[in-house]
Amino acid sequence: MSNQIFQAAIIASILASTIRLATPLLLAALGELVTERSGIMNLGIEGMMLLGAFTSFMITYVTGSLWLGVLAAIVTGGLMALLMAFMAITLKVEQIVTGMALNLLGAGISLFWLRLMTSTAKVDYLITDIFKPVQIPHLSSLPFVGEIFFSQRWLTYFAFFMVPVIWFFLYRTKYGLQIRSAGENPKAVDTKGVNVARLRYLATIFGGMMAGLAGSFLTLAASPRFVAGISGGRGWLAIVIVIAGNWLPWRITLAALIFAFLDAFQLHVQGVGVQIPYQILLALPYIFAILAMMGSRARSEAPSSLGVPYTRE
Amino acid sequence: MSQAQKTTLTRGWRIEPRQQLSRSVKFLSIVLAFLAAMLFSSLLLLTAGVNLIEAFGALLKGAFGSWRAFMDTLARASPLILTGLAAALAFRGKIWNIGGEGQLIGGAMAGFLAFTLFSGLPRPVFYLLVLLFCFLGGALLGVLSGWLKVRFNVDEIISTVMMNYIILYFLSFMLSAEGPWREPGSFYQQTMMVPAALRFPVLFPRSEVHLGFLVALISAITVKVMLDKTPLGYEIRALGFNPKALKFKGTNISRLIMVTLLLSGGLAGLAGAGELYGVQHRLVMDLSNGLGYAGIIVAMLAGLDPLGVVLAALLFGGLINGAYRLQTVTGVPSAFVDAIQAIVLLCVLASFVLSRFQIRRVVDVESDLSSGDHR
């Protein structure tokens, strides 16, 4: 009997972690979805997430305000995406290489400023406040589901709230239709007198802001400190999630939850003391990412003009 | 009226695409890119609150300021030449191998395996086996990504990036307390030291320039000749600029993609040999520490030319070296180099595009004729 209660508690705990760990993946993937739907392949979200995580941490450390930290992360992601958009849309530089450059920029600048901060403060690491879970009244006290769904941090609620919002935007609004058309057939959009470049700029910047916000979750909700490379491939996983989710909001949510579950599983298996080398468990999401790519051979919803610069004639 | 309008429209400055890119224009654009990169880097240095002249002075002095500094720069350039070649070779064929980081580690791990197997053999044979193993270690990861691409349509960008993470966890396991390669009794995640007798010999007395530098130079020449003069090289280049024609010609594209990634991965693996036998002398978790990613920048800076890669790697080797001096002299963290690398890449990418255009003063022939009519 007590064993059953113990098992139920572990399952609830794993599922609660899954929802929590899905937050940065979902935020970044939804942003990348909008960007890719407009026809821009932004491979730089790992860097945007990383620098977003850093600036949110730094601003919170300096000002003591978590909300200013979140704002800083959004602005950082947006600015980096603006650079991405300028290179990809205005200068028409190869998008893959530009994205890589932004990843390196995020890694380089965050590491540089981190070392600068720690050497000035003369400490090994700095710690900030983090967001506390928000208990939804009544619902959070429900057995089992209360812990899983209704005792999360506001960023988690926001991430899941964004799923129907993005779906509605892409499929039920004029701008959503224009963005999807820009990714499918930019010439047709242009012929109708809509500015393709402007649409793509906006979609890319939105994606960057979401990636930055995802980064802020890592330093302001998941852990109270910033370590070099804290994003740990989550930006790349978000790109995988968009492909595995076939560029559809609901499927992307499901894919994000699966990746988050692997991460949560790994955390708890370690805690229980199962005899598997933990490094192999840690590698699971990345191994699964390759497997997911092998499985998702049907990419029916991939925007036809993804990664192709548009030139007006 | 319409004549007058035409004259004002056609006269003046115009931006137009260049017909051909001359070497001098390419060079000029790189110089401009560097000036721009220096400007942005200065802004970054200002956030550290240091004297800019002092900072750049230290950077330059640390990079090329003395014989000793120059030697260190050569040593640091060695792995960058190889990871740069790895990226350049693959990128020529528009195969986006982002896995230099993991392939370097895979190569080094295979190189350590060679140490556990062949350490009793005569030194020249041992070195050859080490290089072979390192090449194969990187090549194996590369070809795995190639296979995933041609067989399962897995994007090589995704698979190479994911393998960077996976191989690092694998190394972490091999070096963990339960792992087979952990140095007995050590507190750190590391293997035992390679004995001094088996390390790569030093090429110049009192320097750290090891055999790996020679390997890198030979590789650069080999890749250059291969790309420019052999059928395989032609096919790889054609894969980049006209894959349709290649398919029409009947080339086995799948095989070509796998071979390209095999060679590319192997080159990155060779970089692992130098880091293991020439620099660290043991496997450690931060053996690569960004060398694979820096190789991408080196390759782009070199315009994907193998010999250009050598020059670009020397420059970046100098930058890394200079950054250490920068840290000692001004206290600016040496991680500055990580930030500056990305800034250089962005500036170079932008300048390449801009160099494809020229600003020309145009006096339209037609309008000259029309003005002649008035006379």
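Where is the place of B:Leu117? B:Leu117 sits in helix H5 of chain B. Helices here are DSSP runs of H or I with at least four residues, strands are E runs of at least two, and both are numbered from the N terminus.

This is a predicted model, in which local features need pLDDT of at least 70, side-chain atom pairs count only at pLDDT 80 or more, and totals for chains, interfaces and linings use all residues. Residues are numbered from 1 along each chain as its sequence is written, while chains are lettered from A and ligands numbered from 1 in the order in which they are written.

Stay with B:Leu117. This residue counts as exposed because it has 12 C-beta neighbours inside 10 Å. The cut-offs use C-beta atoms placed from the backbone: 20 or more others within 10 Å make a residue buried, 12 or fewer make it exposed, and anything in between is partly exposed.

Helix H5 of chain B covers residues 100–118, and helix H6 of chain B covers 123–152. Their axes come within 7 Å and cross at roughly 140°. Axes are lines fitted to C-alpha atoms, for helices over the stretch in contact, and angles run from 0 to 180 degrees between N-to-C directions. The crossing of H5(B) and H6(B) is right-handed.

Which residues of H5(B) and H6(B) meet? From H5(B) they include B:Gly102, B:Gly106, B:Leu113 and B:Phe118. From H6(B) they include B:Phe126, B:Leu129, B:Gly137 and B:Leu141. The residues of this contact divide into 16 nonpolar, 8 polar and no charged. Ala, Val, Leu, Ile, Met, Phe, Trp, Tyr, Cys and Pro count as nonpolar, Asp, Glu, Lys and Arg as charged, and the others, Gly among them, as polar.

Now take chain B as a whole. It has 15 helices and 2 strands. Of its 375 residues, 50% count as buried. Among contacts in chain B with a separation of 6 or more, 78% join residues 24 or more positions apart. Two residues are in contact if their C-beta atoms, placed from the backbone, lie within 7 Å.

Further along is helix H13 of chain B, residues 306–330. Its 25 residues should span 36 Å at 1.5 Å a residue, and its end C-alpha atoms are 35 Å apart, which agrees. The expected span is 1.5 Å times one less than the number of residues. Just after H13(B), B:Gly331 takes a positive phi of about 80°.

Most residues other than glycine have a negative phi. B:His281 is not a glycine, yet its phi is positive, about 65°. B:Asn289, also not a glycine, has a positive phi of about 50°. B:His281 lies in the loop between helix H11 (253–280) and H12 of chain B. B:Asn289 lies in the loop between H11 and H12 of chain B. B:His281 is partly exposed, with 18 other C-beta atoms within 10 Å. B:Asn289 is partly exposed with 14.

Last comes the contact between the chains. It takes 39 residues from chain B and 35 residues from chain A. On the side of chain B, H14(B) gives the most, with 11 residues. That side divides into 30 nonpolar, 6 polar and 3 charged residues.

Methods. Left-handed = near helix turned anticlockwise from the far one by under 90°.
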